[in-house]
Amino acid sequence: PPRWSARSRPHERPASNAYGVSNAVVMLHTLDRMPTADAERAELIAQLRTFQDPVTGAFADATHSPVHTTAHLVASLQLLDARPAHPLRFLDDLRAPEAVAPLLDGLDWGDPWGSSHAGVGGPAALVLTEQPRPGWLDAYFGWLERNADPATGFWLRDRMLPVEAEPGRFANLGGAFHYHFMFVHFGRSLPHAAAIVDSCLELLERSPVAIGDGEQVGFAEIDWAYSLHRAALQSGHRMGE
């Protein structure tokens, strides 16, 4: 595992970095190749923990915000049956149910893709490290259910970007994907699942974002495939396509 822990090619950047180690753990888990030896697991856990600030509890990497990095590394630690070495103190203000609406209302919904990192990253990290306070999950999912757009299945209601702009409507999908995996994790139904299917297929045909062109598989394809797959499974809508 240590030799896979750099995000770039070894000759470009040999040092470990947060996402390199985190992604290595996720890939090992996905391929059912997680190390079984205690020493190997302990080494991966120790590497992940080196990226945490002991005072704030935030995990850091130059490529993403602390909340995004923290969510990734907390999840990777969970795959190793481990937890962060220090409390996530920088998320203290999110722990009460009353904090949910100000968090989500205050996001930049003109940039639904980028702002979703804050809308999901902090909540995901908290629920992976501790039991949510009574009413917290209901407040979180209740807000999202009320504010989902029934015509598209995306967020925010009445704030959809044009389909044929770049990234345009695809940014609404890129943001929605992050909320969708929270719904799936907690066994909750996706709001307006049939509309999500329609939207994803429309984006495939009309969006200038090159989804499924065979040239590469990146963030866009992963977001699109996940949301389409989960919404189609839930709704059965247009399964023949």
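Here are some questions and answers about the helices and aromatic rings of this chain.

This is a predicted model, where local features need pLDDT of at least 70, side-chain atom pairs count only at pLDDT 80 or more, and totals for chains, interfaces and linings use all residues. Residues are numbered from 1 along each chain as its sequence is written, and side-chain values use heavy atoms, with hydrogens and water left out.

Reader: How many helices does the chain have?
Author: Helices (H or I, at least four residues) and strands (E, at least two) are DSSP runs, numbered from the N terminus. Zero strands turn up, and the number of helices is nine.

Reader: What share of the 241 residues counts as buried?
Author: Let's start with the term: buried means under 20% relative accessible area, exposed over 50%, and partly exposed in between (1.4 Å probe, protein chains only). Among the 241 residues, the buried share is 47%.

Reader: Which kind of aromatic pair do Tyr140 and Phe141 form?
Author: Good one! Rings of Phe, Tyr and Trp (its six-membered ring) pair if their centres lie within 6.5 Å; planes under 30 degrees apart count as stacked, over 60 as edge-to-face and the rest as tilted. The count by this rule is eleven aromatic pairs. For Tyr140 and Phe141, the centres are 5.5 Å apart and the planes 80° apart, making the pair edge-to-face.

Reader: Is Phe181 buried or partly exposed?
Author: Phe181 sits four residues from Phe177 in helix H7 (residues 169-185), so about one helical turn separates them. Phe177 has 12% relative accessibility and is buried. Phe181 has 28%, so Phe181 counts as partly exposed.
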